[in-house]
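Biologist: Hello! Could you walk me through this model, one question at a time?

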Amino acid sequence: MISILMKNIFFYKRNWKELLLNTLRIYLSIVPFYYFALAQSNDLENLRFTLLTIIIAGIISNTVIAANYELYQEIISGKMSNFRIANVKIFEYILAQTVFYFFIYLIQYVFALILMNVYGIIYIKISLYALLNAAIFIVIIIAISSIISGLLAAFTLKTKRFAYSSLLISILLIFSACYMPYRLLKSGFKIVALLLPFTYIINIFKSAFSADYLIFPIEIMYLILMVQILVLRFILVKILSRFFNELINSTI
C-alpha cells in the first residue's frame, strides 16, 4: 500500500505543474456557478448551498473517479504491473489510490474555500471542536469513498469500461440529496436518499457552514455512517473479493 502512495507522490512531484493547473481549473469552475447563483438570487443561503454542493460533490466524485481510472489503466494494460509489484490485495490497492487522490483534491478545494472566505462568501470558523469534527469527518469520507470505489471497480473489472464507474458515482450523488436540500425532496426520493451514505456526508459538510439543516442530530448521523461503513465493507470483502481476484488472475 505504501508503494502505491509513493509511486503517486513521485509522479506528481515530477509533474507539480499539473497540480497547480488543476487547482486553477477547480477554482475557475466554481466561479461560473457563483455568478449563476448570484443571478438567480441574492440570498446568501442559496449561494452557500450552491458553492458547497460543488465542493463536496467535487471532492467525492473526483476521488472515486480518479481511483477507478488508475485501476482502469491497469486493466487495459493487460498486465496489472503496478498492482502486482505492490503485492497488495485489491481493496488495499483501491484504498491507497483513494487516500492519495482524496488529499490531492481536498487540498485543492480547501484552497478554493480559503479564497471564498477572503471574499466573504463563506465564513470559516476554526475551533478545537471544529478540528476534531473535521478529522472524524475526513476518516469517514475516506472509508466510504474507498468502499464505493471498490464496489464501482466491479463494473470496471467486469466490463473493462471506465465510463460506468464515473456514471454511477454521478447517479449516487444525484440521489443523495446533493443538489437539492433534503427537506425539499419528495417523499419517495427521501427514502432513497436516507439509504445512501453520501446524503449524511453532504448534509454534515453543509451544516458546518450553516447551509443546510441536519436530517438527524449529528451524533445519529455519524452512527448511521459507521453502520453503513461496516455493512458496505462486509459486502465488498466477503462477496466481491473472490470476484476481483479471479478477474485479476485472468489478466496474466
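The questions and answers below go from the overall fold to single residues.

Modeller: Happy to. This is a predicted model, in which local features need pLDDT of at least 70 and side-chain atom pairs count only at pLDDT 80 or more, while totals for chains, interfaces and linings use all residues. Residues are numbered from 1 along each chain as its sequence is written, and side-chain values use heavy atoms, with hydrogens and water left out.

Biologist: Thanks! How many helices and how many strands does the secondary structure of the protein chain come to?

Modeller: Helices (H or I, at least four residues) and strands (E, at least two) are DSSP runs, numbered from the N terminus. Along the sequence the pattern reads α-α-α-α-α-α-α-α-α-α. The count is ten helices and zero strands.

Biologist: What percentage of the residues in the protein chain is buried?

Modeller: Buried means under 20% relative accessible area, exposed over 50%, and partly exposed in between (1.4 Å probe, protein chains only). The protein chain has 252 residues, and the buried share of them is 47%.

Biologist: Among contacts between residues at least 6 apart in sequence, what share joins residues at least 24 apart?

Modeller: A contact here means heavy atoms within 4.5 Å. Within that set of contacts in the protein chain, the share is 75%.

Biologist: Is T199 buried or exposed?

Modeller: T199 belongs to α9, which spans residues 197-207. Not counting residues up to four places away in sequence, T199 touches F175, S176, A177, A193 and I215. Its relative accessibility is 1%, so T199 is buried.

Biologist: Now the aromatic rings. How are the rings of F137 and F205 arranged?

Modeller: Rings of Phe, Tyr and Trp (its six-membered ring) pair if their centres lie within 6.5 Å; planes under 30 degrees apart count as stacked, over 60 as edge-to-face and the rest as tilted. That rule gives four aromatic pairs. F137 is in helix α6 and F205 in helix α9, so the pair ties together parts that are 68 residues apart in sequence. Their ring centres are 6.4 Å apart and the planes lie at 15°, so the pair is stacked.

Biologist: What about the rings of F102 and F103?

Modeller: F102 is buried at a relative accessible area of 2%, whereas F103 is partly exposed at 36%. The ring centres are 5.3 Å apart with planes at 80°, so this pair is edge-to-face.

Biologist: Which residues does S145 touch, not counting those up to four places away in sequence?

Modeller: S145 sits in helix α6. With 1% relative accessibility, S145 is buried. The residues it touches are V64 and T98.

Biologist: And with which residues is S165 in contact, leaving aside neighbours within four places in sequence?

Modeller: S165 is part of helix α7 and is buried, at a relative accessible area of 1%. Its C-alpha atom is separated by 10.0 Å from that of G150, 15 residues apart along the chain. The contacts of S165 are N68, L152 and T156.
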